[in-house]
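Please look over the sequence and the model shown here before reading on. The report takes up a few places in turn.

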Amino acid sequence: MWSTSTNAQNKENDSNKTATLGMTSAISTAFPKPVDIAKTLELTEALKPFDLFETEQELNHRLVILGKLYSLVKQWIKDTSIAKNIPESVAENVGGKIYTFGSYRLGVHNKGADIDALCVAPRHIFREDFFSSFYELLKQQEEVTDLRSVEEAFVPVMKMNFDGIEIDMLFARLDLKEIPDTMDLQDDLLLKKLDQKCVRSLNGCRVTDEILRLVPNIENFRLTLRAIKFWAKRHGIYSNVLGYLGGVSWAMLVARTCQLYPNAAPATLVHKFFLVFSQWKWPQPVLLKQPSSVNLGFTVWDPRVNVQDRYHLMPIITPAYPQQNSTFNVSASTRSIMVEEFKSGLQTTEEIMISKEPWEKLFEPPQFFLKYRHFIVLLVSANTAEDHLEWYGLVESKVRLLIGNLERNQYITLAHINPESFSVLESQKESNQHCVMWFIGLEFAKSEHLNIDLTYDIQTFIETVNKHALNINMFKEGMKLEARSVRRRQLVQYLSPSLIKRERKSSLTNKSGSNNGESKKRPSDQGTQEGENKKTRLSSEINSTYDDSSNTSGTLQCNDDSNSNISLNDIVNPTENISSTPPSHATTTAQSTQEAVCT
C-alpha cells in the first residue's frame with residue numbers, strides 16, 4: 001500500500017538514479033500531492049468489493065501448500081537420486097527447489113487464483129522423471145486432485161489442485177550437481193547447456209524477478225497492476241492465447257509506467273498508464289531495460305536480424321535473457337480494440353482525477369453485444385467433462401487463426417473475439433453434452449448491398465483444428481466444433497435473458513449520463529413535455545436494442561451494414577436453433593461451415 005513513509009524513503013534516493021530507470025529518463029519525478037494520496041485510498045476501497053485481496057489466513061494457506069510441495073520435491077529428488085545409484089549421503093544434499101512466478105510472485109494474485117510454480121532439479125534428474133515418478137508421487141497425496149500432465153506442450157506443465165489451490169508446475173534441470181536453497185536464477189550463465197524447454201520454463205521466474213528489480217517502488221507497482229489487470233479483465237482484453245495481453249505483458253506495461261513516473265502514487269500511475277499507452281507509437285517496442293549482450297546461442301527478439309520479428313504489431317519485450325516478445329499473438333483487430341480501450345480509459349481516469357466520476361466507472365464492462373450487428377458463434381462440445389476440457393483448450397489456442405482469416409477479408413474491418421466463454425442455455429442443451437460458446441463481433445466496411453461469403457475462411461479454421469487434434473491423438477468421439485453466424489436480434493437464442501437485460505440497462509444508463517448538461521435536442525423532441533418523452537424514448541430503446549431491422553448503427557457505434565449479408569452456397573437456415581443436432585465428424589468441415597454464416 002502506498003504510504004507517506006515510502007514517500008520519505010523515495011525522497012532520500014539519488015534523483016539522478018531515479019531519473020534514468022529503464023530505457024529513457026523519467027517523464028516526471030514529482031512526488032504525490034495530498035489529493036493523489038486521497039485518490040489512491042479511494043482506488044483501494046473501490047477494488048475491495050471485487051474480492052481482489054486475500055485475507056491473512058488465505059495467504060498463509062498458500063504458504064503451507066507451497067511448503068508441502070517443496071517437501072515432496074526434496075523427497076522425490078532424494079529417492080530418484082538413490083534409484084540412480086547415487087550414495088544416500090550424497091543424495092541427501094543434492095537439493096532441489098520450488099520457485100514461484102506470475103501473479104503470485106508479483107504479489108497481485110486474486111482470491112482463489114492459481115499459483116505458477118517451477119521445480120528446479122540437479123543435472124541427474126530429467127524431465128522424464130518429473131512426468132513419471134513425481135507424477136505418481138503426487139497421485140498418492142490425499143490433498144492432490146485433478147492431476148494432469150501436458151508433457152508435449154510448448155512449455156511442459158503439470159496441473160493439479162492441491163488442497164483447494166490450483167497449481168501449474170513447470171520443470172527445469174540445471175547443469176549443476178547440487179541446487180542450494182540460496183540459488184538465484186538471475187545468472188544468465190545458468191542457461192548454459194540447457195535445452196529450449198528448460199530455458200522456457202526458467203524464463204517465467206527470471207522475467208518476474210527482473211520486473212520486480214526494475215520498478216522504483218514495488219508496493220505502488222502492485223496496487224497499480226491490480227487495478228490495470230482488473231480493468232483489462234472487465235473490458236475483455238485479458239487473454240494472451242486469444243490475441244490480447246496476458247499477465248506478464250500487463251505487468252511490463254505497468255512497470256514501464258512506474259519507471260516514467262517513479263515517485264507517483266498508484267492513482268496517478270493508473271491515469272498515466274492510459275496517457276502513455278493511448279499515445280504509444282506501435283509497433284515501437286516497450287522495453288524495461290537495455291537488451292542483454294549475452295550470447296548463449298538462444299534466439300532473442302531482434303527485428304534487425306529476425307525477419308518474422310518485423311511483423312509483430314505490439315511488441316512488449318521481456319527483460320531477461322533470452323529476450324522475447326510476450327505479445328506475438330496480437331492481431332490487427334485485437335491491437336485496435338486495446339488501443340481504443342486505452343483511449344477510453346484515459347478519458348474515464350481524467351474525469352476520476354477531477355472527481356467527476358468514481359473509480360467504479362473505470363471497471364464497468366463495455367456492452368459487447370450492443371456494439372455489433374453480426375456475430376460468429378463458435379460452439380465447442382464434447383461428451384464428457386474431461387474431454388471437453390481438453391477440446392476447449394485446443395480450440396481456444398487456435399481461435400486467433402480464425403481471427404487472422406477474417407482480418408484478411410477486404411470487407412471486414414474488425415473481428416472482435418470476446419474472451420469470455422458462455423454456457424449453452426439449459427433449455428437448448430443436448431443431454432449428456434458439455435458445450436460452451438465464444439462470440440466474435442464483426443464490423444464491416446461501409447458498402448451498399450454488400451454480400452460476403454465466409455465459407456472458405458471458416459472451413460479452413462475448422463479443418464486446421466480437427467487435423468491438429470487428430471495429429472496429436474486427442475480427438476475423441478463426441479468432440480465437435482461448429483461455427484454459426486447470427487445477427488444481434490438472434491442472440492436471445494444463445495444468451496440468458498439476465499445478461500441481455502444487464503447490457504440494456506447499462507447502455508441506457510450510459511446514454512442518460514452522456515446527455516446530462518447537453519442543450520441540443522432532436523427536432524422531434526422540441527415543444528413536447530420532457531417527462532413523457534423520456535418514458536417514450538426509454539421504452540423505444542429497450543424494444544429496439546436487440547432488433548437490427550432498422551438502420552440505427554449510429555447510436556450503436558458500429559458501421560452501417562444493415563444492407564450487408566454474409567452468405568454461403570447451399571446455405572442453411574440462419575435461425576436454426578442451437579439445440580439442433582450438430583453435423584457428424586464424418587462430414588466435419590463442410591457441414592459445420594454451412595451453419596457458420598447467415599443472410
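The sections below describe selected residues of this model, which is predicted.

## Two positions listed by UniProt

An unreviewed UniProt entry lists Asp114 and Asp116 under "binding site". Aspartate 114 sits in the loop that runs between helix H6 (102–106) and strand E2 (115–121), while aspartate 116 belongs to strand E2.

Are these two residues buried or exposed? Aspartate 114 has a relative accessibility of 28% and therefore counts as partly exposed, since that class lies between 20% and 50%. Aspartate 116 has 18%, so it counts as buried, the limit being under 20%. Beyond its neighbours within four places in sequence, aspartate 114 is in contact with Arg62, Glu166 and Asp168. With residues up to four places away again left out, aspartate 116 touches Tyr99, Thr100, Phe101, Gly102 and Asp168.

## The nonpolar cores

The largest nonpolar core holds 108 residues, and the members that touch the most others in it are Phe221, Trp231 and Trp250. Apart from this core lies another, of 30 residues, which includes Cys119, Phe131, Met158 and Met169.

Which residues does tryptophan 250 contact, apart from its neighbours within four places in sequence? Among them are Leu225, Ile228, Trp231, Ala232 and Ile237. Leu245, Phe273 and Phe342 also belong to the list, as do Lys229 and Tyr238.

## Phenylalanine 422

Phenylalanine 422 is part of strand E8, which covers residues 422–423. The relative accessible area of phenylalanine 422 is 9%, so this residue is buried. Not counting residues up to four places away in sequence, phenylalanine 422 touches Phe369, Val436, Met437, Phe439, Leu495 and Leu499.

One of these contacts can be set against the sequence. Between phenylalanine 422 and leucine 495 there is a separation of 73 residues in sequence, and their C-alpha atoms are 7.8 Å apart in space.

## Glutamate 210

Helix H8 (residues 196–214) contains glutamate 210. With a relative accessible area of 11%, glutamate 210 falls under the 20% limit and is therefore buried.

What joins the side chain of glutamate 210 to that of lysine 289? The two side chains are joined by a polar contact of 3.2 Å. When neighbours within four places in sequence are set aside, the contacts of glutamate 210 are Gln186, Lys289 and Pro319.

## Backbone details

Most peptide bonds are trans, and most residues other than glycine have a negative phi. Some exceptions follow.

The peptide bond from tryptophan 282 to proline 283 is cis, and its omega is near 10°. Another cis bond leads from tyrosine 321 to proline 322, with omega near -5°. Proline 283 is in the loop between helix H11 (266–278) and helix H12 (332–353), and proline 322 is likewise placed in the loop between H11 and H12.

Asparagine 85 is not a glycine, yet its phi is positive, at about 70°. Asparagine 85 lies in the loop between helix H4 (56–83) and helix H5 (88–91). Aspartate 146 is in strand E3 (residues 144–150).

Methods. Residues are numbered from 1 along each chain as its sequence is written. This is a predicted model: local features need pLDDT of at least 70, side-chain atom pairs count only at pLDDT 80 or more; totals for chains, interfaces and linings use all residues. Side-chain values use heavy atoms; hydrogens and water are left out. Helices (H or I, at least four residues) and strands (E, at least two) are DSSP runs, numbered from the N terminus. Buried means under 20% relative accessible area, exposed over 50%, partly exposed in between (1.4 Å probe, protein chains only). Contact means heavy atoms within 4.5 Å. UniProt positions are given in the numbering used here, feature names are shortened, and annotations may be inferred rather than shown by experiment. A nonpolar core is a set of buried Ala, Val, Leu, Ile, Met, Phe, Trp, Tyr and Cys residues joined through side-chain atoms within 4.5 Å. A polar contact is a pair of N or O atoms within 3.5 Å; within protein, one must be able to donate a hydrogen and the other to accept it, and residues adjacent in sequence count only if both atoms are side-chain atoms.
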